[in-house]
Amino acid sequence: MPYPPEIVDPMREELTRIGFREARTAEETEEALNRPGTTLLAVNSVCGCSGRSARPAVGVALNHKTTPDNLFTVFAGQDLEAVAKAREFLTGYPPSSPCLALLRDGKLVAMLERKDIEGRPAAESAADLTRAFDSFCAPQPS
């Protein structure tokens, strides 16, 4: 059973406040993750490591000079269809929430799973993200 909105909404707003758009249906997720360019997908959750490290890490990483073109989030345990569709794009990885996935032209290029986030300071996860941004979000040579 999903958590009540008064618990979840502040967690959603922590990401939407910094520019993420929510995908709450399978169709919205499909459209979001197939966009051209680079897309950072944050699989949000009520889990303590989301609030303690994952969401703050994203906020720090987005202050970097190189960032993704698109920012989307789905909420595990809340938007079930959206999360199921998102996981179709996260091939090669078991379900993980929270997780932070970087896609380029709809293809997964970098992933921070829960095991990569949990128990680490937000700054370390942010550094992992900025390295991925530098590798995959910089303009491609023609």
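Predicted model: local features only at pLDDT ≥ 70, side-chain atom pairs only at ≥ 80, totals over all residues.
Helix pairs come first. Two packed helices are described by the angle between their axes and the distance between the axes. Take helix H1, residues 5-16, and helix H3, residues 48-61: their axes come within 10 Å and cross at roughly 20 degrees. That angle makes H1 roughly parallel to H3, since anything under 35 degrees counts as roughly parallel. As for its hand, the crossing of H1 and H3 is left-handed. On the H1 side, the contact is made by Met11, Glu14 and Leu15, and on the H3 side by Arg55, Pro56 and Val58. Sorted by class, the residues of this H1 and H3 contact come out as four nonpolar, two charged and no polar.

H3 also has a contact with helix H6, residues 122-136. Here the axes come within 8 Å and cross at roughly 45 degrees, which makes H3 oblique to H6. The crossing of H3 and H6 is right-handed. From H3, the residues taking part are Arg52, Ser53, Pro56, Ala57, Val58, Val60 and Ala61, and they meet Ala122, Ser125, Ala126, Leu129, Thr130 and Phe133 of H6. The contact of H3 with H6 divides into nine nonpolar residues, three polar ones and one charged one. Pro56 and Val58 of H3 turn up in the contact with H1 and also in the contact with H6.

Next up are H2 and H4. The axes of these two helices come within 7 Å and cross at roughly 35 degrees, and the crossing is right-handed. Ala26, Thr29, Glu30 and Leu33 of H2 meet Glu81, Ala82, Lys85, Ala86 and Phe89 of H4. By class, that gives the contact of H2 with H4 five nonpolar residues, three charged and one polar.

Which residues of H2 and H4 are buried? In H2, the buried ones are Ala26, Thr29, Ala32 and Leu33. They cover an arc of only 130 degrees around the axis, so they sit on the same side of H2. These buried residues of H2 pack against strands E2, E3 and E4 as well as helix H4. In H4, residues 80-89, the buried set is Ala82, Val83, Lys85, Ala86 and Phe89. Looking down the axis of H4, these residues fall within an arc of 165 degrees, so they line one face of the helix. The cover over the buried residues of H4 includes helix H2 (26-33) along with strands E2 (38-44), E3 (70-75), E4 (99-104) and E5 (107-112). Turn to the face of H4 that points away from its buried side, and there are the exposed residues Leu80 and Glu81.

Two spots in the backbone deserve a look. Most residues other than glycine have a negative phi, and most peptide bonds are trans. Against that background, Ser97 and Pro98 are joined by a cis peptide bond, with omega about 0 degrees. Pro98 lies in the loop between H4 and E4. Further along, Asp105 has a positive phi, near 50 degrees, in a residue other than glycine. Asp105 belongs to the loop between E4 and E5. Is Asp105 buried or partly exposed? With a relative accessible area of 49%, Asp105 is partly exposed, because the exposed class begins over 50%.

Leaving aside residues up to four places away in sequence, Leu112 touches Cys99, Leu100, Ile117, Ser125, Asp128 and Leu129. Ser125 and Leu129 are also part of the H6 side of the contact with H3.

Cys137 sits in the segment after H6 and is buried, with a relative accessible area of 13%. Again leaving out residues up to four places away in sequence, Cys137 touches Thr38, Thr66, Thr67, Pro68, Leu102 and Ala132. Cys137 and Gly92 are 45 residues apart in sequence, and their C-alpha atoms are 21 Å apart in space.

Conventions. Residues numbered from 1 in each chain as written. Heavy atoms only, no water. Axes fitted to C-alpha atoms, helices over the stretch in contact; angles between N-to-C directions. Helix = DSSP H or I, 4+ residues; strand = E, 2+ residues; numbered from the N terminus. Parallel < 35°, antiparallel > 145°, perpendicular 65-115°, else oblique. Left-handed = near helix turned anticlockwise from the far one by under 90°. Contact = heavy atoms within 4.5 Å. Nonpolar A, V, L, I, M, F, W, Y, C, P; charged D, E, K, R; others polar. Buried < 20%, exposed > 50% of the residue type's maximum accessible area, 1.4 Å probe, protein only. Arc of directions from axis to C-beta.
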